[in-house]
Amino acid sequence: MNRIDQLFRDKPGHILNIYCTAGFPALNDTLTIVETLQKSGADMVELGMPFSDPLADGPVIQDSSTRAIANGMRISVLFEQLKGFRERVSLPVVLMGYLNPVLQFGVEEFCKKCAETGIDGLILPDLPMDEYENEYRQIFDKYGLHFIFLVTPETSEARIRKIDSLSKGFVYAVSSSSTTGKDKDMSGQQAYFARLQAMKLKNPVLIGFGIRDKATFEAACAHSNGAIIGSAFVKAIENSANLQQTIQEFVEKIKA
Amino acid sequence: MDITIDTSHSKYHVNKKGYYGHFGGAYIPEMLYPNVAELQEKYLEIMRDPAFLSAFEQLLKDYVGRPSPLYLAKRLSEKYGVDIYLKREDLNHTGAHKINNTIGQILLAKRLGKKRIIAETGAGQHGVATATVCALMGMECVVYMGSVDIQRQAPNVARMKMLGATVVPATSGSKTLKDATNEAIRDWINNPVDTHYIIGSVVGPHPYPDMVARFQSVISEEIRRQLKEKTGKSNPDYVMACVGGGSNAAGTFFHFVDEEDVRLIAVEAAGKGVHSGYSAATSQLGRMGVIHASKTLLMQTEDGQIVEPHSISAGLDYPGVGPLHAHLFETGRATFLSATDDEALEAAYELSRLEGIIPALESAHAIAKLKDLSLQPGQVVVVCLSGRGDKDMETYIKHLK
Ligand SMILES: Cc1ncc(COP(=O)(O)O)c(C=O)c1O
């Protein structure tokens with residue numbers, strides 16, 4: 001069974017999924033961060049594969065990506081770092097990135113490496129639904145990789161239903177119409193979250209974009225299975241002198 | 001007007017799914033889906049509406065000054081021993097072909113009920129053309145421009161501001177056109193309901209490459225008519241244009257792509273030399289990939305990071321090329337040449353001294369490759385003079401001969 005499915009089946013409370021950019025702040029911090037997140041009580045990790053032109057991301061994740069690339073991070077290096085990590089890490093890990101680097105790596109080869117290292121899911125925001133259905137779905141399925149789609153406040157109900165039918169693992173609900181890291185007020189979004197909840201999708205729903213502290217985490221959780229924190233976490237570890245301590249404190253504050 | 005002709009039987013134009021051969025598509029994040037889907041559904045229908053077409057035609061005539069002349073450049077022709085016609089897009093209001101597209105898109109944006117316009121710009125010509133039509137229609141205008149380009153195209157920055165636009169510097173990456181485009185797309189993600197993005201070239205997700213090519217196709221429509229009047233034949237032997245994203249080339253080629261006796265010459269910017277590491281010659285250096293939501297040829301590292309291009313001309317300083325051009329390149333329908341920074345400067349001086357026309361640096365790249373064609377006496381060559389050189393005077397003065 002895919003670890004994402006297992007998590008949602010076994011865990012009653014709200015899921016905390018933390019995003020970080022692989023190879024950031026330093027090239028070899030990737031695994032330290034994942035392991036510390038697990039120890040600190042995070043439920044899932046989304047690892048960003050840095051891209052030079054991340055269209056859906058705000059300045060914080062853009063900068064972390066630029067730094068990670070300068071550090072030498074690339075997909076082949078990431079798979080190298082992940083070799084054997086399943087001996088120590090049991091929480092679900094999802095890779096997030098943009099289509100071009102995956103295309104250049106080779107889609108099938110990429111999926112194979114994901115299966116070998118123990119990656120559970122994939123988010124590629126610029127891979128549209130039609131292309132996925134016609135060209136990619138079979139390959140991802142063959143390697144047991146859950147493909148996770150985004151929905152936004154502007155997505156129509158019919159389209160949300162279609163996305164839900166194609167998504168595996170969970171549906172990623174973007175909290176507001178924005179790039180990552182915008183400090184938009186969550187209170188205006190409650191109606192949208194409630195509408196999603198009322199749709200009773202087959203997949204669990206995690207809310208992301210703009211979730212940054214305990215208050216926004218709880219506001220998101222009120223209508224969903226959990227939430228994803230990205231920019232706020234990246235900012236927190238950017239200049240940390242003690243990564244493990246910073247991460248522990250960050251997660252504790254959210255979960256307290 | 002011919003801008004709405006049915007191209008569904010063409011081997012070269014876009015197909016129903018938004019592809020040119022392997023290239024094109026709409027690789028957009030979900031946040032852009034409603035806007036892009038709306039455009040895909042409606043662009044042809046709106047463009048085919050007679051009221052829309054007549055408004056477009058009227059503005060092109062009375063405001064832009066179309067048709068632009070097709071000028072037989074006598075002294076240039078003498079030098080190369082053929083008949084060289086210049087399509088004078090430099091004489092358009094605002095000084096380049098870019099306004100053909102912005103007039104079309106602002107009318108379309110109004111039809112869609114949009115209130116706010118965003119755009120990216122490299123040389124500033126598209127930014128100026130967008131700021132101009134926004135002033136004309138009383139709409140808010142935000143233009144993203146790489147901070148490097150803001151410095152090298154100062155007169156155009158001042159023009160945009162005078163026209164009432166807000167110019168926002170793009171400070172990420174190479175701080176040029178690619179990064180300005182990223183910022184414009186991010187703005188659109190953050191403002192999905194009231195904003196229309198006027199893309200300045202035949203790039204971006206479907207339907208932009210086809211929509212922009214159609215608005216620019218007034219160029220080849222006029223060339224055919226004017227050439228017929230002047231020579232009795234509507235097809236020349238060659239049509240030539242420079243290629244950044246490829247909009248002036250798409251407009252120059254549009255009605256000729258299925259006329260296989262007309263040779264299409266696309267000229268890219270070689271920068272300091274194709275293999276110098278400072279170049280923007282995408283067809284020579286690029287591989288298939290995805291940039292700005294389109295599958296096309298693009299300059300990238302082995303692991304798929306987009307490479308920072310170089311050209312002396314800000315308008316050609318782009319690591320991709322429109323999917324139509326990628327397809328014309330792959331099928332061999334168009335011949336792709338490239339001109340270095342030095343060749344372009346040389347050509348700009350040549351045209352100035354022979355014809356009394358100071359071209360934009362971008363357009364000078366096309367002129368520069370006349371010498372590379374194996375021309376036969378009696379042949380007819382049409383070159384798109386996409387813009388005038390006012391904005392490049394600082395660069396020209398630096399290299400004054
Ligand atoms: C005068 C002129 N020509 C050509 C270009 C290149 O764009 P495109 O390839 O879309 O025609 C520009 C772009 O700014 C321009 O200003």
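This is a predicted model: local features need pLDDT of at least 70, side-chain atom pairs count only at pLDDT 80 or more; totals for chains, interfaces and linings use all residues.
A:F209 sits in the loop between β8 and α10 of chain A. Phi of A:F209 is near 85°, a positive value in a residue other than glycine. A:F209 has a relative accessibility of 9%, so it counts as buried, the limit being under 20%.

**Aromatic rings**

- A search of the whole structure finds 21 aromatic pairs over all chains.
- One of them joins A:Y172 and A:F209: the ring centres are 5.9 Å apart and the planes stand at 90°, so the pair is edge-to-face.
- Elsewhere in chain A, one aromatic cluster is formed by A:Y132, A:Y136, A:F140, A:F147 and A:F149.

**Helix α7 of chain A**

- Helix α7 covers residues 129–142 of chain A, 14 residues in total.
- From first C-alpha to last, α7 reaches 18 Å, close to the 20 Å expected at 1.5 Å a residue.
- The helix has a kink of about 65°, centred on A:Y136.
- A:Y136 is also one of the buried residues of α7(A), together with A:M129, A:E131, A:Y132 and A:F140.
- An α-helix has 3.6 residues a turn, so residues three or four places apart point the same way.
- Just after α7(A), A:G144 takes a positive phi of about 65°.

- A:S167 lies in the loop between α8 (157–166) and β7 of chain A.
- A:S167 is buried, because its relative accessible area is 0%.
- The side chain of A:S167 reaches the backbone nitrogen of A:F149 at 3.3 Å.
- A:F149 is also a member of the aromatic cluster.
- A:I69 lies in helix α3 (residues 59–71) of chain A.
- A:I69 counts as partly exposed, because its relative accessibility is 26%.
- A:I69 and A:L27 are 42 residues apart in sequence, and their C-alpha atoms are 8.9 Å apart in space.

**The ligand**

- There are 18 residues around the ligand, and B:S201, B:G244, B:G246, B:S247 and B:S386 come nearest.
- A polar side-chain atom of B:S247 is 2.7 Å from an oxygen atom of the ligand.
- B:N248 uses its backbone: an N or O atom there lies 2.8 Å from an oxygen atom of the ligand.
- In the side chain of B:S386, an N or O atom is 2.7 Å from a nitrogen atom of the ligand.
- Taken alone, the ligand exposes 390 Å², and the protein buries 97% of that.

**Backbone features in chain B**

- B:R66 and B:P67 are joined by a cis peptide bond, with omega about 0°.
- B:P67 is in the loop between α2 (50–64) and β3 (70–72) of chain B.
- A cis peptide bond also joins B:H206 and B:P207, with omega about 20°.
- B:P207 is found in the loop between β8 (195–197) and α9 (208–216) of chain B.
- Phi of B:K175 is near 60°, a positive value in a residue other than glycine.
- B:K175 lies in the loop between β7 (166–170) and α8 (177–190) of chain B.
- B:K175 counts as partly exposed, because its relative accessibility is 31%.

Key. Residues are numbered from 1 along each chain as its sequence is written. Chains are lettered from A and ligands numbered from 1 in the order in which they are written. Side-chain values use heavy atoms; hydrogens and water are left out. Helices (H or I, at least four residues) and strands (E, at least two) are DSSP runs, numbered from the N terminus. The expected span of a helix is 1.5 Å times one less than its number of residues. The bend at a residue is the angle between axes fitted to the seven residues ending there and the seven starting there. Buried means under 20% relative accessible area, exposed over 50%, partly exposed in between (1.4 Å probe, protein chains only). A residue is near a molecule or strand if one of its heavy atoms lies within 4 Å of it. A polar contact is a pair of N or O atoms within 3.5 Å; within protein, one must be able to donate a hydrogen and the other to accept it, and residues adjacent in sequence count only if both atoms are side-chain atoms. Accessible areas come from the Shrake-Rupley method with a 1.4 Å probe; for residues, only the protein chains shown count as cover. Rings of Phe, Tyr and Trp (its six-membered ring) pair if their centres lie within 6.5 Å; planes under 30 degrees apart count as stacked, over 60 as edge-to-face and the rest as tilted.
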